[in-house]
Amino acid sequence: MLGVTELQDMYETMVMARHYEERLQEEYLEGKQPAFDISAGPIPGELHLAAGHEASGVGVCHHLRAEDSVTAPHRPHHIAIAKGVDLKAMTAEIFGRETGLSGGKGGHMHLFDPDVNFACSGIIAEGCPPAVGAGLDAKKRNADDVAVAFLGEGAIDQGAFLESLNLASVQNLPVVFVIEDNDWAISMPKERVTDVTNGAQRAAGFDLPGTRVDADDVIAISDAATDAIGRARDGNGPSLLEVQVHRRMGHFMGDAEGYRPDADKDAATRRDAIERLETKLRANDIDDETFDELRSRARDRVEEAIEWAKEQPEPEPSAAYEDVFSSPPSEEPERAPSVADTGGED
Amino acid sequence: MARPEEHRQTERSLTMSRAMVEAIAHEMREDDAVFYMGEDVADYGGIFDSTEGLLDEFGRDRIMDVPISETAYIGAAVGAAQGGMRPIAELMFVDFFGVGMDQIYNQMAKNTYMSGGALSVPMVLTAAVGGTYNDAAQHSQTLYGTFAHLPGMKVVVPSTAYDAKGLLHTAIRDDDPVVYLFHKRLMGIGWLPAPDGPKTGVPEEAYTIPFGRADIKREGADATVVTLGLHVHRALAAADSLADDGIDAEVIDLRTLAPLDIETIRDSVAKTGRLVVVDEDYRSYGLTGEIIAGVAEGDLAALDAVERVALPDVPIPYARPMENEVIPDTDDITAAIRRVRSDE
């Protein structure tokens, strides 16, 4: 059971994640008016915002330590925030600045923070195999660290996901797969692309536990994550969770969502996990003053990170040539060992 | 060389995406065996407008949204093609080729040969390519050379609406697998403004452009610039800027990589003696080296000077200053042309 203090922490993180996306939306659109040009403005390129996904990232990552690994997909900000990724460095990365997590090489779909074992892939489901590898690493080290792979419901038809379920299962690895079901793979509703719309059912085919959390409710998600993460940490193998979330914005900024019924958009806006948690907290006698404090603290951290990021220098063009290898090709001439040096017997 | 100028001067101009859609619609009306599979190709009309409006006319059985399962649906296109259909399968970003690569290069590209010609695979694999809008390492590649390197695929890269339509008609009618790579920056998408060049006059009727015929987009006597896709337009801009200085560059648009029209390039180099190859793909083991080798094999003595302008061998970085550094721009091409002319 989560105590009220923990719930307040989760609320604050969820508000922070939501505010982050709303502020990034504003920053992103600046310079893209009146004609939207994806390559213009302070944040260029695609931007996939996670407003409406907060309960998933926060409900799961609340139970993780820095040593535990997370891989996130192309919509990673809420997960990164919940995992404790350095918010300033992450923001600077999204703004393409020299002091960003990757010095501006990665951008918003490719956030890497080894300090808290957080990584991303912009290719659907392709974060799953590296999460299996992180679980394998933990097992080989006899550590009780856990790996969590987040993916969207659109990713559950990918070989990389299904193969990962199988490998994690047969090797009994400490991995939790978390499907964030926001109902839409860009424009494709899940009913159009799979007959098994409850992604958790895919677990049965690989003999691992599969649980679906229907409510976009951080407490229910947290409860399910507690079981799955505990199971992995105790050496009892992988689990699959599917959690219902909602896409409150387009697939990417600039997606006019012409394919999406208004009623669906409205419903996504109404089913707000943050409001749900607020109701719960009010029932536990949390007062306005405390809410104000939690909200302003969350927002201040976001504003501080964005302000900081925007003041950071852009990378030098020549930095593009660095980091291809961690061990760049050697300039040393080859020195062939003589037979005498090898110590070999005749 | 086929240069139907009367068509290019037609009053009706289309964006590259509209020209492509027109070719697909025409072929689908003519032949029930033609259908289109991809992610977000139905209601969305293709993330890069490659199928816009087709769902309304042809319905979901022929404009098929598929699961995010590239191995399955590209492979299904192979099987359907072998059975007699003429599928078009769209890979949303060429960068996603890795997900379904076995079906592309071990099945689609090889089944004709491995069957000793008993099978044919009449399908088109379309994919969006290219950077210049800061989408970083996993969404900005062109990978032109990768597909052209592996035998068994015909590889098409249009640079204008006119070429896009004619080459797509040819691709759909071709009895072999064709990889049709369209540059996002050329499509005329509302949120990704195109340069002026790709929107051209396009005839309403169907027409084919034969594979293996490069197109001289600009004639010139002083240097040969060989390129493709977006960089045709950057090369033309570079050539225009040099004209004021009395350097008259010829710009050759490859249009297809496999088959490759090396003769047109050799003829041009025989005239100019100076070769600049411009590619938005990685530098090493790729298109630039291939073109230069092909010219050298023809007549080594014809080459007075050579430059290649390509992506350095680094993944494409996100931040603007770094992306601008690695993707060749008009100034890079201008400088390279000047260098091959520097002994004049």
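Let's start with a sheet in chain B. It is open, has five strands and mixed pairing, and its order is β9-β11-β10-β13-β14. Two terms here. Strands (E, at least two residues) and helices (H or I, at least four) are DSSP runs, numbered from the N terminus. Two strands pair if DSSP finds at least two bridges between them.

Now the edges. β9 (215–218) and β14 (305–311) of chain B each have a single partner strand, so one side of each has no neighbour in the sheet. On average, neighbouring strands here are turned by 25° against each other, direction ignored. For such angles, axes are lines fitted to C-alpha atoms, for helices over the stretch in contact; angles run from 0 to 180 degrees between N-to-C directions.

A word on the source. This is a predicted model: local features need pLDDT of at least 70, side-chain atom pairs count only at pLDDT 80 or more, and totals for chains, interfaces and linings use all residues. Residues are numbered from 1 along each chain as its sequence is written, while chains are lettered from A and ligands numbered from 1 in the order in which they are written.

What joins it to β11(B)? Three bridges do, and the two strands run antiparallel; β11(B) spans residues 249–253. In β11(B), Asp253(B) is the bridge partner of Asp215(B).

Next, a helix. α11 of chain B (residues 287–299) lies across β10 (223–227), β13 (274–282) and β14 of chain B. The helix runs at about 150° to β13(B).

Zoom out to domains. Chain B is assigned domain 1 (5–201) and domain 2 (215–340); such bounds come from an automatic or database domain assignment. Their centres, taken over C-alpha atoms, are 25 Å apart. The contact between them takes 28 residues from domain 1 of chain B and 25 residues from domain 2 of chain B. Contact means that C-beta atoms, placed from the backbone, lie within 7 Å. On the domain 1 side, the elements giving two or more residues are α7 (144–149), β6 (154–156) and α8 (161–173) of chain B.

Finally, the other chain. How many residues does each chain give to the contact? Chain B gives 35 residues and chain A gives 39 residues. On the chain B side, helix α12 (residues 320–326) of chain B supplies the largest share, six residues.

Technical notes
Two residues are in contact if their C-beta atoms, placed from the backbone, lie within 7 Å.
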